[in-house]
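Here is a short briefing to read alongside the model. Take a look at the fold and the surface first, then go through the points below.

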Amino acid sequence: MIIQYIIVSLFIASAAATVVFRLVKSVTRPAGKCDGCASSGCGGCAVHELKAKKAR
């Protein structure tokens, strides 16, 4: 019975660590308008929009 508690605790701890890691990652580097999107798949961002964003 104790081994089951240890295994369940490891699963819960790894899930919690994954959530915390993703939360910290999203806070420190928020996703941009075109992140995670292939330019051919969803239309992408226009080059002039990206240049204007970078110039600001």
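**Surface and fold at a glance**

Met-1, Ile-2, Ile-3, Tyr-5, Ile-6, Ile-7, Leu-10 and Phe-11 together form a nonpolar surface patch with about 960 Å² of accessible area. This is a predicted model, where local features need pLDDT of at least 70, side-chain atom pairs count only at pLDDT 80 or more, and totals for chains, interfaces and linings use all residues. Residues are numbered from 1 along each chain as its sequence is written, and side-chain values use heavy atoms, without hydrogens and water.

**Exposure**
- Ile-2, a member of that patch, sits in helix H1 and is exposed, at 63% relative accessible area (exposed means over 50%, buried under 20%, with a 1.4 Å probe and protein chains only).
- Of the protein's 56 residues, 0% count as buried.

**Fold**
- The protein has three helices and zero strands (DSSP runs of H or I with at least four residues, and of E with at least two).

**Confidence**
- The average pLDDT (the predictor's confidence in each residue, from 0 to 100) is 78, and 52% of the residues score at least 70.
- Mean confidence is highest in helix H1 (residues 2-28), at 94, and lowest in helix H2 (residues 39-42), at 52.

Notes. Patches are made of residues with over 30% relative accessible area and no salt bridge: like charges are joined within 9 Å, nonpolar side chains (Val, Leu, Ile, Met, Phe, Trp, Tyr) within 5 Å. Accessible areas come from the Shrake-Rupley method with a 1.4 Å probe; for residues, only the protein chains shown count as cover. A salt bridge is a side-chain nitrogen of Lys or Arg within 4 Å of a carboxyl oxygen of Asp or Glu.
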